[in-house]
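Let's take a walk through this fold together. Have a look at the sequence and the model below, and then we'll go through it piece by piece.

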Amino acid sequence: MIVAIDGPAASGKGTLARRLAVYLNLPHLDTGLLYRATARTLIEHGQNLTDVRAAVAAARGLSLTDFDPRLLRGRDMGEAASIVAAIPEVRQALVDLQRDFAARPGGAVLDGRDIGTVICPHAEVKIYVTAAPETRATRRALELKGQGEMVDYPAILEEIRRRDARDASRATAPLRPATDAVELDTTELDIEAAFNKALAIVEAGKERHSFNN
């Protein structure tokens, strides 16, 4: 069973994906880390984030075991990843890596921005997680504060809106819910309530596709 979870930045999709993966005993892939790792590689080599050839080479050189997620979570890296992810050739270079992960025996949980629409269009469960920009900015500010970073709420809100616009308007794999995805608005939900709703969606999907527990 493949569970595809999509949504904009700070919507809660990553937290839900990790918890669902543990509950379902399935491997989990935060596909956004692939774009962050690509961006980090470019930055470390002093290359421009919009250099298509260099970005594609960096993406093709990635392995799921050769980067540390802890080094990729910062706010600056998120913005850099959004720039790199808008390059169609980079997205294409990472397609097979993501699909190979999804094809693991027993299935997988993947979260990102084009899992249900491009990477795994035949996923048995598709959830599109969303929340108001102001709520997402508050969550990101709290996350960054917890990591010891300086917090500027207006700047974070503007960054989220800018990323939303960039993700939704890119030529390849724009951010949008799959036609058969179930939308989960977490604006007014805490993590437990959001997880319970997400789990109900997964269980309905399992029943619909006759998966056994």
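Two strands count as paired if DSSP finds at least two bridges between them. Helices (H or I, at least four residues) and strands (E, at least two) are themselves DSSP runs, numbered from the N terminus. Keep in mind that this is a predicted model, where local features need pLDDT of at least 70, side-chain atom pairs count only at pLDDT 80 or more, and totals for chains, interfaces and linings use all residues. Residues are numbered from 1 along each chain as its sequence is written, and side-chain values use heavy atoms, with hydrogens and water left out.

Let's start with the sheet. Strands of a sheet pair through backbone hydrogen bonds, either parallel or antiparallel. Here, 5 strands make an open sheet in the order β2-β3-β1-β4-β5, with parallel pairing. The edges belong to β2 (28-30) and β5 (182-185), each of which has a single partner strand, so one side of each is left without a neighbour in the sheet. On average, neighbouring strands are turned by 20° against each other, direction ignored; the axes behind such angles are lines fitted to C-alpha atoms, for helices over the stretch in contact, and angles run from 0 to 180 degrees between N-to-C directions.

Now zoom in on β1 (residues 2-6). It pairs with β3 (residues 108-112) in the parallel sense over 5 bridges, and 4 bridges join it to β4 (residues 125-130), again running parallel. I5 stands opposite D111 in β3 and opposite I127 in β4.

Next along is β4, where 6 of 6 residues are buried.

Helix α5 (residues 88-102) lies across β1, β2 and β3, at about 145° to β3. Helix α9 (residues 191-208) lies across β1, β4 and β5, at about 155° to β4.

What about the nonpolar cores? Such a core is a set of buried Ala, Val, Leu, Ile, Met, Phe, Trp, Tyr and Cys residues joined through side-chain atoms within 4.5 Å. The largest one has 23 residues, and L42, F67, V90 and L94 touch the most other members. α2, α3 (52-60), α4 (75-85) and α5 each supply at least two residues of this core, with α2 giving the most, 6 residues. Apart from it lies another core, of 20 residues, including A17, L20, F195 and V202.

Finally, look at R36 in helix α2 (residues 32-44). Leaving aside neighbours within four places in sequence, R36 is in contact (heavy atoms within 4.5 Å) with residues including L72, M77 and R163.

Technical notes:
Buried < 20%, exposed > 50% of the residue type's maximum accessible area, 1.4 Å probe, protein only.
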